[in-house]
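Here are my notes on the model, arranged as numbered points for you to check against the coordinates. They begin with a loop and then turn to a helix, the core and the backbone exceptions.

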Amino acid sequence: MDCIREEYPVAQKLIYILAFLSPRCIPKTIINKGSPQLEDKDLVEAFSDEFDVNDILESLTKLSLFEEASINSIRVHRMVQEIVKENMKENDCLEETLQNVQRMLSYAIENEQSPA
């Protein structure tokens, strides 16, 4: 995790966020600027640009932390999620991460159409 934090600080925060979601078929639309907007301006900037999001996800996929489930979703192994959660506790960023998860889910619910 240290190499990710040094090379891709936004990616590390995204890994933390995705550790709290269902491991299968995480919609890419979950990766957004949040509602209310995320407090971390680097996240807002990166998550507001689809190309930046795709670059981050591609990097994480190359590191075998995630895999594409479909063109619109990703998945992660439960064991990876558990390891990430432990790392998050050690780095004392649980509260910030949970706030980001809540805001991003809220934005997705407000702005995405139901797959009817």
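1. C25 sits in the loop between α2 and β1, where helices (H or I, at least four residues) and strands (E, at least two) are DSSP runs numbered from the N terminus. Its phi is near 50°, a positive value in a residue other than glycine. With a relative accessibility of 46%, C25 counts as partly exposed, a class that falls between buried (under 20% relative accessible area) and exposed (over 50%), using a 1.4 Å probe and protein chains only.

2. On provenance, this is a predicted model, in which local features need pLDDT of at least 70 and side-chain atom pairs count only at pLDDT 80 or more, whereas totals for chains, interfaces and linings use all residues. Residues are numbered from 1 along each chain as its sequence is written, and side-chain values use heavy atoms, with hydrogens and water left out.

3. The 13 residues of helix α4 (residues 50-62) should span 18 Å at 1.5 Å a residue, and the end C-alpha atoms are 18 Å apart, which agrees; the expected span is 1.5 Å times one less than the number of residues. The buried residues of α4 are V53, I56, L57, S59 and L60. They cover an arc of only 155° around the axis, which puts them on the same side of α4, the arc being that of the directions from the helix axis to the C-beta atoms. On the other side of α4, E50, F51 and K62 are exposed.

4. What covers the buried residues of α4 includes α2 (9-18), α3 (41-47) and β3 (73-75), contact meaning heavy atoms within 4.5 Å. Just after α4, S64 takes a positive phi of about 65°.

5. The largest nonpolar core has 32 residues, and those with the most contacts inside it are L14, L18, F47, I56, L60, F66 and V84; such a core is a set of buried Ala, Val, Leu, Ile, Met, Phe, Trp, Tyr and Cys residues joined through side-chain atoms within 4.5 Å. The largest share of this core, seven residues, comes from α2.

6. Two further backbone details deserve a check. The peptide bond from S35 to P36 is cis, with omega near -5°, and P36 lies in the loop between β1 (26-27) and α3. D92, in the loop between α5 (78-90) and α6 (94-111), has a positive phi near 55° and is exposed, with a relative accessible area of 72%.
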